[in-house]
Amino acid sequence: MMKINFKNNKGYTLLFAVLVSSIVLSIGISILTISKKEFLLSASARDSTSAFYAADSGLECAAYYDNNGNYFSTSTTAGPFSCADFSITKQGGATGSEYDPYEFNFQIPLGSSGACSIVTIEKYYDDDDIITTRIISRGYNVGWDSVAESCDEPSSRRVERALQLTY
Amino acid sequence: MKNFLKQNNKGFTIVETLVAIAILMIAIAGPLTIAQKGLMASVYARDQSVATFLAQDAMEFIKNYRDNNIRVGLDWLDGLDDCLTLNYCSVDTTVGTITNPASSVPLYRTESGFRTTGDARSQFSRKFSVEQLQADTEAKVTVIVSWTTGTIQNVVTIEDYIFNVQL
């Protein structure tokens with residue numbers, strides 16, 4: 001038995017070669033897997049930042065036109081108004097409720113990258129019966145549907161960031 | 001039979017050796033290339049994350065500059081109105097100075113963060129523009145951070161629409 005074993009050690013080179021190449025292959029694949037995750041992470045940081053500034057743009061647009069021209073004070077106030085070179089006609093109006101009488105919303109495209117924002121403006125009476133405005137802006141890095149003029153085109157890399165302003 | 005075995009045991013022929021080396025080379029070089037590409041993607045991911053935050057840094061500086069202009073009663077874009085698309089500005093956010101070199105300015109790593117002056121030049125350059133879309137009302141801010149990974153030029157661009165909001 002021993003004798004046969006000593007004589008039959010030719011396969012060792014093959015075993016060694018397979019071992020080395022499989023170790024190198026697994027190292028390569030694991031580095032690639034980690035890098036891919038890092039890549040997706042940094043891409044989501046970039047997309048998240050553009051979604052955040054889309055939300056900020058929508059918020060400032062609503063805040064400006066609420067304070068300059070009272071576009072969101074009543075159902076009948078004038079429109080349209082312009083943000084980001086886009087003419088906006090607000091949707092919504094009187095809710096019929098005594099405590100939160102008005103709710104408006106609009107959607108705007110922001111820039112050429114497809115970023116857009118969905119903005120909701122609510123007028124309500126707070127605990128001290130003072131009329132209060134709440135603006136909620138949801139920004140997206142992509143997803144502007146230019147045919148339907150809405151901010152809801154699905155995409156696998158769509159990121160949402162939202163901002164809320166109450167005054 | 002004994003004779004045949006003896007002859008075959010003398011070792012590899014040159015052709016066999018070359019084939020074996022070629023197979024091993026492919027088996028090692030392939031995974032090593034995968035690993036190298038993975039590391040390159042990691043470097044890109046890191047640089048893209050840094051570039052995104054550098055762009056955000058400048059954007060928040062500009063928004064704060066606008067807020068401060070409104071607070072002290074200056075024109076809301078005072079100090080920013082020369083930063084047009086064809087005439088880009090640069091900002092050192094550590095000391096808060098805006099310059100108008102009309103092109104990207106390299107950033108340097110210092111103890112107090114990325115500055116426009118210093119000894120250790122980083123791979124990042126930054127510029128921004130402020131375009132007034134509606135006089136006294138709306139402006140589009142674009143921050144562009146560019147860097148090179150190897151020989152490839154990369155860019156992160158973020159856009160924000162700011163308004164002359166006076167609550």
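Modeller: Let's settle one word before anything else: a residue is buried if its relative accessible area is under 20%, exposed if over 50%, and partly exposed in between, using a 1.4 Å probe and protein chains only as cover. This is a predicted model, so local features need pLDDT of at least 70 and side-chain atom pairs count only at pLDDT 80 or more, while totals for chains, interfaces and linings use all residues. Residues are numbered from 1 along each chain as its sequence is written, chains are lettered from A and ligands numbered from 1 in the order written, and side-chain values use heavy atoms, leaving out hydrogens and water.

Start with Ile62(B). Ile62(B) counts as buried because its relative accessibility is 0%. You'll find Ile62(B) in helix 2 of chain B, which covers residues 14-72; helices here are DSSP runs of H or I with at least four residues, strands are runs of E with at least two, and both are numbered from the N terminus. Who touches it? Setting aside neighbours within four places in sequence, Ile62(B) is in contact with Leu80(B), Phe128(B), Val130(B), Val141(B) and Val143(B), where contact means heavy atoms within 4.5 Å. Take Leu80(B): 18 residues separate it from Ile62(B) in sequence, and the two C-alpha atoms are 8.2 Å apart in space.

Now step back to the chain around that helix. Chain B has 2 helices and 7 strands, and from the N terminus they run α-α-β-β-β-β-β-β-β. Its radius of gyration is 28 Å, whereas a compact globule of 167 residues would be near 15 Å; that radius is taken over C-alpha atoms, and the globule rule is 2.2 Å times the number of residues to the power 0.38. Along the principal axes, the C-alpha atoms of chain B fill a box of roughly 105 × 35 × 25 Å. Of its 167 residues, 38% count as buried, and Ile62(B) is one of the buried residues. Look at the contacts in chain B between residues at least 6 apart in sequence, and 44% of them join residues at least 24 apart.

For a polar counterpart, hop over to chain A and Ser137(A). Ser137(A) sits in strand 6, residues 131-140, and is buried because its relative accessible area is 0%. The side chain of Ser137(A) makes a polar contact with the side chain of Ser117(A) at 3.0 Å. A polar contact is a pair of N or O atoms within 3.5 Å; within protein, one must be able to donate a hydrogen and the other to accept it, and residues adjacent in sequence count only if both atoms are side-chain atoms. A polar side-chain atom of Ser137(A) also lies 3.5 Å from the backbone nitrogen of Leu59(A). Beyond four places in sequence, the contacts of Ser137(A) include Ala54(A), Gly58(A), Val119(A), Arg161(A) and Leu163(A).

Chain A also has 2 helices and 7 strands, in the order α-α-β-β-β-β-β-β-β from the N terminus. Of the 167 residues of chain A, 40% count as buried.
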